[in-house]
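Visitor: I have some questions about how the terms apply here. Can we go through them one at a time?

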Amino acid sequence: AMSTADAPDAPADANAHCVGPSSANAGDAASCAGCPNQQACKSGAAGAARDATDADAVAIAHRLRDVKHKILVLSGKGGVGKSTFAAQVAFGLASRGKDVGLLDIDICGPSAPLMCGGVGAEVHKSNSGWSPVYVEENLGVMSIGFLLPDPDDAVIWRGPRKNGLIKQFLADTEWGAMDYLIVDAPPGTSDEHLSIVQYLKEAGVDGALIVTTPQEVAMADVRKELNFCKKTGITVLGVVENMSGLRVPLEGCTFVDDTSGVDETARVMEILAQHDAALASKLVVRADVFAPSKGGAQAMCDASGVKFLGKVPLDPAIGRAAELGKSIFDPELRVPSVSAVGDVVTRLIEAVGDDQ
């Protein structure tokens with residue numbers, strides 16, 4: 001049976017109680033029997049691969065030497081708004097005068113170009129490396145989405161090729177002096193996650209921001225993500241409960257007669273205005289779309305001993321901003337939930353010990 005390995009340098013798919021490729025007994029220990037890495041460890045190939053990764057990590061640490069804080073944005077489950085949140089955290093930090101980089105390592109489903117307003121932009125290459133696409137003066141973005149001839153092209157790659165591109169994004173990109181590098185990872189605990197942890201082990205990672213939604217089907221996978229962070233030595237900076245109840249201002253609602261299908265919005269608004277215009281102007285519709293059957297993220301954080309960074313409602317205005325590639329911190333967009341995201345950004349800055 002395959003399970004999580006014990007040795008710190010064990011391959012991700014090693015047997016339980018793996019002694020690690022650097023052990024004198026590598027490939028010969030009792031726990032090596034039946035392991036897919038047995039021959040590689042016995043021959044020394046696994047150790048050589050580890051040494052190569054270590055050398056890459058040193059080179060990456062040199063490239064990122066002027067980046068003060070490195071934060072991974074993770075989620076156990078897809079569809080919880082992780083990429084949207086990563087983009088808006090980057091925008092939020094940039095809006096406070098920080099120099100920010102956003103690295104999208106979701107190789108098969110890159111979202112950063114769209115969500116940051118960089119669709120159609122190209123990465124410039126020079127002898128010193130790749131230059132990020134700057135969507136704002138102090139916000140640079142790197143994603144495979146900028147490298148595809150057609151944004152609809154499917155990236156059908158196995159793990160090693162994905163890992164190679166992630167290494168290039170870190171080692172060959174001219175990130176320069178930055179306050180924050182935000183790394184948007186795909187959902188789960190797979191190749192990309194192991195690669196980013198290994199490649200950044202010399203550069204140092206401040207920790208992970210974990211995004212979830214309130215319902216148990218998402219929370220169950222987030223607990224696995226917390227376990228991944230524990231086993232790989234990544235500090236959990238905190239958990240955000242995204243889509244925590246629908247929040248829509250009254251003027252953004254449509255009222256329909258459920259029997260006839262007739263739009264009664266004008267009539268409802270007229271009645272409200274006649275009875276209490278001041279109240280009508282302040283009303284917001286709220287609903288629990290994803291019911292937190294087991295207490296949601298707050299209860300999970302209390303049980304796990306990790307920080308809860310706050311709740312962000314399911315706000316259509318945030319979704320529109322993401323579709324337009326805009327920052328919700330732009331006052332012209334008038335996003336009702338901007339303060340909720342801003343509070344999370346503040347707590348994140350505090351969690352890494354940055355002076356605001």
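Guide: A helix here is a DSSP run of H or I with at least four residues, numbered from the N terminus. The model is predicted. D354 lies in the segment after one such run, α11 (338-351).

Visitor: Why is D354 called buried?

Guide: Buried means under 20% relative accessible area. D354 has 18%, so D354 counts as buried.

Visitor: What makes the pairing of the D354 and K98 side chains a polar contact?

Guide: The cut-off for a pair of N or O atoms is 3.5 Å. The side chains of D354 and K98 make their polar contact at 3.1 Å, within that limit. D354 also touches other residues, among them H69, Y180 and I349.

Visitor: Is C116 buried or exposed?

Guide: Buried. The relative accessibility of C116 is 3%, and the cut-off is under 20%, so the term applies. C18 is also under that cut-off, at 13%, and therefore counts as buried.

Visitor: How many cavities of 30 Å³ or more does the structure hold?

Guide: One. The largest cavity has about 100 Å³ of space. Its lining has 15 residues, and those closest to the centre are A14, C18, C32, C35 and C41.

Visitor: Which classes make up the lining of the largest cavity?

Guide: Nine residues are nonpolar and six are polar, with no charged residues.

Terms used: Residues are numbered from 1 along each chain as its sequence is written. This is a predicted model: local features need pLDDT of at least 70, side-chain atom pairs count only at pLDDT 80 or more; totals for chains, interfaces and linings use all residues. Side-chain values use heavy atoms; hydrogens and water are left out. Helices (H or I, at least four residues) and strands (E, at least two) are DSSP runs, numbered from the N terminus. Buried means under 20% relative accessible area, exposed over 50%, partly exposed in between (1.4 Å probe, protein chains only). A polar contact is a pair of N or O atoms within 3.5 Å; within protein, one must be able to donate a hydrogen and the other to accept it, and residues adjacent in sequence count only if both atoms are side-chain atoms. Contact means heavy atoms within 4.5 Å. On a 1 Å grid over the protein atoms alone, a cavity is a set of points where a 1.4 Å probe fits but cannot get out, and a pocket is an open set with protein on both sides within 12 Å along at least five of seven lines; lining residues have an atom within 4 Å of a point. Grid points are joined across faces, edges and corners, and a volume is the space filled by probe spheres set on the points. Ala, Val, Leu, Ile, Met, Phe, Trp, Tyr, Cys and Pro count as nonpolar, Asp, Glu, Lys and Arg as charged, and the others, Gly among them, as polar. Lists of a residue's contacts leave out its neighbours within four places in sequence.
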